[in-house]
Structure formats: structure tokens, C-alpha cells
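Student: Hi! Could you walk me through this structure with me asking as we go?
Tutor: Happy to, here it is.

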Amino acid sequence: MNKILLLAPRQAHTSLRLVEAAHKLGLELDVLETRDIVFVASHDKTGLFYNGRDLVAAYDALIVRDFHPYISEALTVARLFADAGKVVVDKSLTDEGYSISKMNDYLLLGIAGVPVPETHQIYDHAGLKATADKLGYPCVLKGTHGSHGNHVFKINLPSQIDDLIQKYPEGQLLLQEYLPADFDYRVITIGYKAVPKIVKRQPANGDFRTNFELTADWESLDVKDYPELVRLAENSARILRREFSAVDIRYRGDKPYVLEANRKPGFEGFEETTGLDVAELFLKNLVSKTTVNSRSSA
């Protein structure tokens with residue numbers, strides 16, 4: 001039986017779904033938070049422990065979805081699992097380090113030629129306001145570390161920036177061009193391949209965000225009917241080395257732009273809308289990676 005350790009908040013919907021899917025597949029999947037782990041280094045006992053059990057020895061694979069505020073510790077867990085020959089998702093955690101910065105993602109995608117909205121990270125408020133004036137209104141302000149639609153604001157007038165930016169330390173906001181559209185698309189990729197369904201998302205009345213938590217209207221579509229979106233999403237996930245990602249795409253005219261490629265995506269709304277068991281699809285992919293890894297190590 002494949003034994004999997006999920007490093008994630010225990011009560012998160014994604015954690016509960018992965019536990020449920022693992023049970024269905026006959027897998028052993030345990031959930032720990034980073035702060036549960038005891039780190040020990042000594043002349044006769046070194047490693048990661050929980051209730052006296054050596055975690056690296058106990059599991060075949062590690063899924064990392066828990067970082068803040070223990071980013072360095074989570075990276076250490078990933079490093080020790082990888083050094084022991086275990087499968088780690090994402091693999092990029094162990095060879096290039098973790099970056100939660102949205103700007104990092106936009107830079108890598110832009111350098112690779114992927115269309116992204118024009119985005120600026122500026123470390124002083126005066127410069128941020130001046131750039132907004134040049135970029136034009138409406139525009140979007142995003143927190144550099146936000147998720148689930150938090151810390152994302154549409155700015156319609158210059159006066160709206162003044163009050164907002166004072167609530168954030170300098171350097172903690174991105175300024176981005178606004179792409180007017182009635183809807184956008186979410187493509188989930190697993191192992192850099194799109195799952196069979198795409199979701200079309202329409203913002204709730206009076207909002208421009210399309211996160212599930214914000215009660216946007218979602219519609220299920222077949223990937224075979226949207227090859228352009230599939231290619232763009234799969235390429236974006238591959239560039240950012242996101243082995244399990246949700247890529248959000250919005251059109252400006254007839255050109256698609258990548259809004260975000262999430263490293264640890266939620267999938268509650270996606271499953272409800274499409275009927276796909278995303279948790280099961282992900283775990284099956286992980287098991288196949290674990291099997292291949294075991295054979296290559298034999």
C-alpha cells in the first residue's frame with residue numbers, strides 16, 4: 001500500500017477531500033501540519049518525527065500544501081523526503097526553493113512568452129500611484145501573497161488608491177492592468193495535463209472576482225472544445241513546475257491571458273460544477289509517480 005503524507009491544514013476542504021479519495025483508492029494518507037513535526041538533530045538521532053515515528057521512513061510520498069508561517073521548515077521537510085528518494089509534490093520545492101510571490105510567477109511566465117496582464121511591483125507608495133496614473137483606470141491592486149480572492153481590489157478612480165495603499169506595507173501590493181470581460185476560465189492541470197473539464201466563471205453581481213468563495217456563476221465545459229485554453233494552461237503549469245495547478249485565464253478581445261497559475265489550488269467549486277473527482281485524479285497521478293520512482297530506485 002502506498003503511504004502518503006499530506007502537509008496541510010487538517011480541516012481545509014482540500015485536505016478532507018484528499019483523505020476521502022485516498023480511502024476510496026485503498027491508500028494510506030495522513031494529514032499533518034508543519035507545526036506538528038518534531039525536528040531532531042543529534043549524534044545518534046536525526047530526522048523528522050511525529051509521536052516518535054520517523055516520518056521519512058514511514059511514507060512513500062509527500063504532498064506539501066502548508067507553508068505560512070513556517071516556510072523554511074516546510075522546505076526542510078520536502079528536502080529530507082527528496083534526499084531519501086521519496087516522491088515530493090511539487091518537485092520544484094526541493095531544487096529551486098519555494099516562492100509564494102505572484103510577481104515571481106508573472107515574471108517567469110512573461111519571460112517564456114506567455115501572455116499575462118501588465119503587472120508592476122513597486123516598493124514605494126508614490127511610485128505606485130504614479131504608475132497607476134500611467135497604466136490607466138480602472139486597474140487592479142493585488143496583495144503579493146493573497147489567495148481565494150482576498151486582497152484583490154478594482155480601482156476605478158485615483159482617489160481610491162490613497163486610502164487603500166496606506167493599509168499595506170510598501171512592496172506588498174501589485175498593480176495590474178484590468179482586463180474587462182464578462183467571464184473567465186479555470187483549467188485544472190495534474191502532472192501538467194488538463195483534466196477533462198474546464199469551468200467557465202462569471203462574477204457575482206457587483207464584483208469582478210470569480211473565486212468560488214465569492215459565489216460566482218460556474219459552468220462546466222469539455223476540454224476538447226477549448227484546445228487553445230488547454231495548451232496555454234498546460235504550458236503555464238510546466239513553466240512554473242506546478243504538478244497540480246489551477247490556471248485562471250481571461251480573454252481580452254480574442255487573446256487569452258493567464259491571470260494566475262495556483263500552486264496549491266482549491267477545487268471545491270470545480271468538483272461541484274464538473275462532477276469530476278479531482279482529488280482522486282490527483283492521487284492516482286501521485287501513485288503512478290511513486291511506482292515509477294520505486295522501480296527506478298530498485
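This is a predicted model: local features need pLDDT of at least 70, side-chain atom pairs count only at pLDDT 80 or more; totals for chains, interfaces and linings use all residues.

Student: How many aromatic pairs does the structure hold?
Tutor: There are five aromatic pairs in this structure. Rings of Phe, Tyr and Trp (its six-membered ring) pair if their centres lie within 6.5 Å; planes under 30 degrees apart count as stacked, over 60 as edge-to-face and the rest as tilted. Residues are numbered from 1 along each chain as its sequence is written, and side-chain values use heavy atoms, leaving out hydrogens and water.

Student: What is the geometry between Phe-244 and Phe-267?
Tutor: Phe-244 and Phe-267 make a tilted pair, with 5.9 Å from centre to centre and 45° between the planes. The pair joins distant parts of the chain, 23 residues apart: Phe-244 is in strand β15 (residues 244-252), and Phe-267 is in the loop between β16 (255-262) and α9 (268-274). Helices (H or I, at least four residues) and strands (E, at least two) are DSSP runs, numbered from the N terminus.

Student: And is Phe-244 buried or exposed?
Tutor: Phe-244 counts as buried, at 3% relative accessibility. Buried means under 20% relative accessible area, exposed over 50%, and partly exposed in between (1.4 Å probe, protein chains only). Phe-267 is buried too, at 1%.

Student: How does Phe-244 pair with Phe-282?
Tutor: Phe-244 and Phe-282 are stacked, 4.5 Å centre to centre with 15° between the planes. This pair also links distant parts of the chain, since Phe-282 belongs to helix α10 (residues 278-297), 38 residues from Phe-244. Phe-282 has 3% relative accessibility and counts as buried.

Student: Which residues do ring pairs link into a cluster?
Tutor: Phe-183, Tyr-185, Tyr-226 and Tyr-251. Phe-183 also has Lys-200 over its face, at 4.0 Å from the ring centre. A charge sits over a ring if NZ of Lys or CZ of Arg is within 6 Å of the ring centre and within 35 degrees of the ring normal.

Student: Switching to cores: how many residues has the largest nonpolar one?
Tutor: The largest nonpolar core has 30 residues, and Ile-188, Phe-270 and Leu-283 have the most contacts inside it. Such a core is a set of buried Ala, Val, Leu, Ile, Met, Phe, Trp, Tyr and Cys residues joined through side-chain atoms within 4.5 Å. Helix α10 gives the most to this core, with six residues. Another core of 20 residues lies apart from it, including Met-103, Tyr-185, Val-223 and Val-247.

Student: Now the open sheet. What is its strand order?
Tutor: The four strands of this open sheet run in the order β2-β1-β6-β7, with parallel pairing. Two strands pair if DSSP finds at least two bridges between them. The edges are β2 (28-32) and β7 (87-89); each has a single partner strand, so one side of each is left without a neighbour in the sheet.

Student: How many bridges between β6 and β7?
Tutor: Three, in the parallel sense, with β6 spanning residues 61-64. Within β7, Val-88 is the bridge partner of Leu-62.

Student: Last one: where does Leu-48 lie?
Tutor: Leu-48 lies in strand β4 (residues 47-50). Leu-48 is buried, with a relative accessible area of 0%. Leu-48 and Leu-80 are 32 residues apart in sequence, yet 8.5 Å apart in space, C-alpha to C-alpha.
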